[in-house]
Amino acid sequence: MTLAAILAEHTAKSVTPSARGVTRCDAGTVGAQRVTPATPVTPQKATPELSVRSVSDAVHLEQLPDVLKPLRAHLLALAAAEGIDAAHVHRLHDLDVAACIGLDARQLASYLSMLADTADRHGGRVPAGDTAPMHCERCGPAWIHPDIAGVLPVVDGWPRALGCPWCFVRKAGGYIPRPSARASA
Ligand SMILES: [Zn+2]
């Protein structure tokens with residue numbers, strides 16, 4: 001998975017209470033006047049063409065193997081230090097590793113952490129740090145990191161967003177562990 005796709009997947013799209021109210025009130029009125037809610041940006045996996053182009057800006061393609069080997073080794077060392085499964089690094093395509101060129105150790109560690117979290121979600125497991133309940137417009141109740149829940153608008157006791165990191169799991173037909181309604185009180 002590319003860095004861009006990971007970031008897109010982990011970005012919760014917020015919906016404000018006022019926007020929701022407007023949408024409800026205007027439902028049924030003239031289409032041209034109707035305020036439609038913002039739709040979440042569909043996370044897209046970067047195309048190989050795009051990745052190659054962006055990489056070629058930073059380094060000549062024929063030099064890539066020389067650059068990627070130490071970078072992959074750096075990622076493996078960081079994964080070991082962070083207690084993250086090395087398999088996440090081994091699974092990375094060369095272009096995914098190339099997308100990490102220029103990132104510092106902190107950013108690389110965040111990337112690895114997000115890869116592990118994404119793998120957890122696709123496996124139906126709640127990532128260890130995702131202890132806050134939220135309500136995704138598409139998925140319903142779901143667990144999310146408290147830092148993200150903290151910046152979402154709260155409606156009816158639930159931090160709410162138009163999309164969440166579990167949307168990928170829902171679209172794939174996977175299992176989503178649910179917080180109970182009481183968890184939000
Ligand atoms: Zn969702």
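Trainee: Is Pro 179 buried or exposed, and why?
Mentor: Pro 179 is buried because 20 other C-beta atoms lie within 10 Å, where buried means 20 or more other C-beta atoms within 10 Å of a residue's own, exposed means 12 or fewer and partly exposed lies in between, with C-beta atoms placed from the backbone. This is a predicted model, in which local features need pLDDT of at least 70, side-chain atom pairs count only at pLDDT 80 or more, and totals for chains, interfaces and linings use all residues. Residues are numbered from 1 along each chain as its sequence is written.

Trainee: Where does Pro 179 lie?
Mentor: Pro 179 is in the segment after helix 9 (167–171), with helices (H or I, at least four residues) and strands (E, at least two) taken as DSSP runs numbered from the N terminus. Between Pro 179 and Met 134 there are 8.2 Å in space, C-alpha to C-alpha, although the two are 45 residues apart in sequence.

Trainee: Switching topic, at what angle do helix 4 and helix 7 pack?
Mentor: Helix 4 (residues 64–82) and helix 7 (residues 105–122) pack at about 70 degrees with their axes 10 Å apart, the axes being lines fitted to C-alpha atoms, for helices over the stretch in contact, and angles running from 0 to 180 degrees between N-to-C directions. The two helices are therefore roughly perpendicular, given that angles under 35 degrees count as roughly parallel, over 145 as roughly antiparallel, 65 to 115 as roughly perpendicular and the rest as oblique.

Trainee: And which residues make the contact?
Mentor: Helix 4 contributes His 74, Leu 75, Leu 78, Ala 79 and Glu 82, while helix 7 contributes Ala 105, Leu 108, Ala 109, Leu 112 and Ser 113, contact meaning C-beta atoms, placed from the backbone, within 7 Å.

Trainee: Which residues of helix 7 are buried?
Mentor: The buried residues of helix 7 are Tyr 111, Leu 112, Ser 113, Leu 115, Asp 117, Thr 118 and Arg 121. Just after helix 7, Gly 124 has a positive phi of about 80 degrees.

Trainee: What about the phi of Asp 156?
Mentor: Asp 156 has a phi near 55 degrees, which is positive in a residue other than glycine. Asp 156 sits in the loop between strand 4 (154–155) and strand 5 (158–163), and it counts as exposed because it has 9 C-beta neighbours inside 10 Å.

Trainee: Last one, how many helices and strands are there in the protein chain?
Mentor: The protein chain has nine helices and five strands, and 28% of its 185 residues count as buried.

How values were computed
Two residues are in contact if their C-beta atoms, placed from the backbone, lie within 7 Å.
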